[in-house]
Amino acid sequence: MAWTITQHATLSVRQWDDATFVYDSFSGRTHYLNGSAAEILALIAEQPLPLADTDTALLREFAPSEPEAFLAASRRVLELLEHLGLVTRHA
Amino acid sequence: MRDVVQRTLGPDLGDSRAASSLKSRGIDALHAMLRSGVRYGIGPFVVALKGQQRVLAERLHACYPDYPLAPANEFADASLAVARNPGLSRHWWSTRVIRLEDGQVFTTFPENATIAHLEWTLNWAIANRSHQFLMLHAGVLANAYGGLILPAEPGAGKSTLCAYLMHRGWRLLSDEFTLLRDEGLEIYPFPRLLPIKNAAIAVIREQVPEARFGPEIPGTHKGTVAHLQPPDEAILRMHETASPRLMIFPRYTPDTPLEITPVPRAQCFVEITQNAFNYVLRGEEGFRIAAALTERVRAFQLRYNDLERAATALDDLMAEAHGARDPSRR
């Protein structure tokens, strides 16, 4: 199992200032993402993120100063991205 | 100096100056033509209009004199028919209706408000059908340096500002619709009568004595409305697109002489997507056009209470955006 970009979704991305806008051609919706959500989405777009190894991969990628708080926030971001239909847990 | 011309596109009506215009026919001939229907071009669109009353011919002749007639077989983007009110009401003899293609009554109104309702019905028809364009609810003008887009909520003073600017060196493309077909971002003109409302009528009459107003129409759902004709140049050049350079979010604020605030790109993008009539419907293309426009223009919020000062500021901002003026001299 791994976090992946939702199948069928073609994402168009634009970034200005600290904001990222993502157009999802599958849902037809435009999403406004903050910095951390955009970074995690970009990481998953680069390559699927193994579900069992998510925390390790995130810590390795972002090297946060407060790992526990960072991981808690990242889990919420992943759930949000999943709720928006941008990422999915793929077998 | 002429403004930035990109290319010409519209119904195949030829040069507006050479084409037969509504005023080229006398009122009697126009009245006869209206019985079976008249087609005329406005920018990229053709409007078909039908009606039996002579007064309709008189209004067309007075308010739309320079619009080019279109061939009878030209596809019409909107077909409007003005008729007497078929229903029984206290004032049935003096009320009129407009029907669209389906024959159903779209709006009912007093005879003296015919032009106002023709304009509003046409707005509705274009906004709901012309999805070959991304349509912003925004006034748009152009000068030698490029296009100025004025998105605004109703009541922000957009039409009043357009009315002033089009008499002060700017070419009117539209006071209501900014039409963008693709990421090339040419803006297609759609120059129409400007509905000036309530207190703004006296303001424009005083500050623009040369303004050509039609009669005042009291008691509409927007109060008193008087329609202002665009200058001849706006009609003659209604197939010349312009390239966007400046986006201004205007708001008339009685207590603020002049305040100009830069709008960050992210906010500008959000404003464009929320302002467009059909952003969601245009799908990914809408996203791409809105993004390209965000990157093309410089964007500012403008608060003002003096039209002349606002116009001077817009002249300067456009020159700066073009690189023709040093921003430090603002």
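Which residues are exposed on the other side of H9(B)? The structure examined here is a predicted model. In that model, Glu308(B) and Arg309(B) are the residues exposed on the other side of H9(B). The rest of the helix gives the context.

Helix H9 of chain B runs over residues 307-322. At 1.5 Å a residue, its 16 residues should span 22 Å. Six positions of H9(B) can be named as buried: Leu307(B), Ala310(B), Leu314(B), Leu317(B), Met318(B) and Ala321(B). These residues cover an arc of only 100° around the axis, and therefore lie on the same side of H9(B). An α-helix has 3.6 residues a turn, so residues three or four places apart point the same way. After H9(B) comes Gly323(B). The phi of Gly323(B) is positive, near 85°.

Chain B as a whole comes next. This chain holds 9 helices and 16 strands. Of its 330 residues, 45% are buried. Contacts in chain B between residues at least 6 apart in sequence were also considered. Among these, 71% join residues at least 24 apart.

Val82(B) has 23 C-beta neighbours inside 10 Å. The cut-off for a buried residue is 20 or more, so Val82(B) counts as buried. With residues up to four places away in sequence left out, Val82(B) touches Gly51(B), Leu56(B), Arg96(B), Ile98(B) and Thr114(B). His117(B) is 35 residues from Val82(B) in sequence. In space, the two are 9.8 Å apart, C-alpha to C-alpha.

Chain B also meets chain A. The contact takes 12 residues from chain B and 10 residues from chain A. On the side of chain B that touches chain A, two elements give two or more residues: helix H7 (265-275) and helix H8 (279-296). H8(B) gives the most, with 7 residues. By class, this side of chain B has 6 nonpolar, 3 polar and 3 charged residues.

Within chain A, a pair of helices was examined. Two packed helices are described by the angle between their axes and the distance between the axes. Helix H1 (residues 35-46) and helix H3 (residues 67-83) of chain A have axes that come within 10 Å. The axes cross at roughly 70°. H1(A) and H3(A) are therefore roughly perpendicular to each other. From H1(A), the contact involves Ser36(A), Ala37(A), Ile40(A) and Leu41(A). H3(A) contributes Ala73(A), Ser74(A), Val77(A), Leu78(A), Leu80(A) and Leu81(A). The contact of H1(A) with H3(A) has 8 nonpolar residues, 2 polar residues and no charged residues.

Asp17(A) lies in the loop between strand E2 (11-16) and strand E3 (19-24) of chain A. Asp17(A) has 10 other C-beta atoms within 10 Å and is exposed. Ala63(A) is found in the loop between helix H2 (54-62) and H3 of chain A. Ala63(A) is exposed, with 9 other C-beta atoms within 10 Å.

Terms used
Residues are numbered from 1 along each chain as its sequence is written. Chains are lettered from A and ligands numbered from 1 in the order in which they are written. This is a predicted model: local features need pLDDT of at least 70, side-chain atom pairs count only at pLDDT 80 or more; totals for chains, interfaces and linings use all residues. Two residues are in contact if their C-beta atoms, placed from the backbone, lie within 7 Å. Helices (H or I, at least four residues) and strands (E, at least two) are DSSP runs, numbered from the N terminus. Ala, Val, Leu, Ile, Met, Phe, Trp, Tyr, Cys and Pro count as nonpolar, Asp, Glu, Lys and Arg as charged, and the others, Gly among them, as polar. Axes are lines fitted to C-alpha atoms, for helices over the stretch in contact, and angles run from 0 to 180 degrees between N-to-C directions. Angles under 35 degrees count as roughly parallel, over 145 as roughly antiparallel, 65 to 115 as roughly perpendicular and the rest as oblique. A residue is buried if 20 or more other C-beta atoms lie within 10 Å of its own, exposed if 12 or fewer, and partly exposed in between; C-beta atoms are placed from the backbone. The expected span of a helix is 1.5 Å times one less than its number of residues. The arc is that of the directions from the helix axis to the C-beta atoms.
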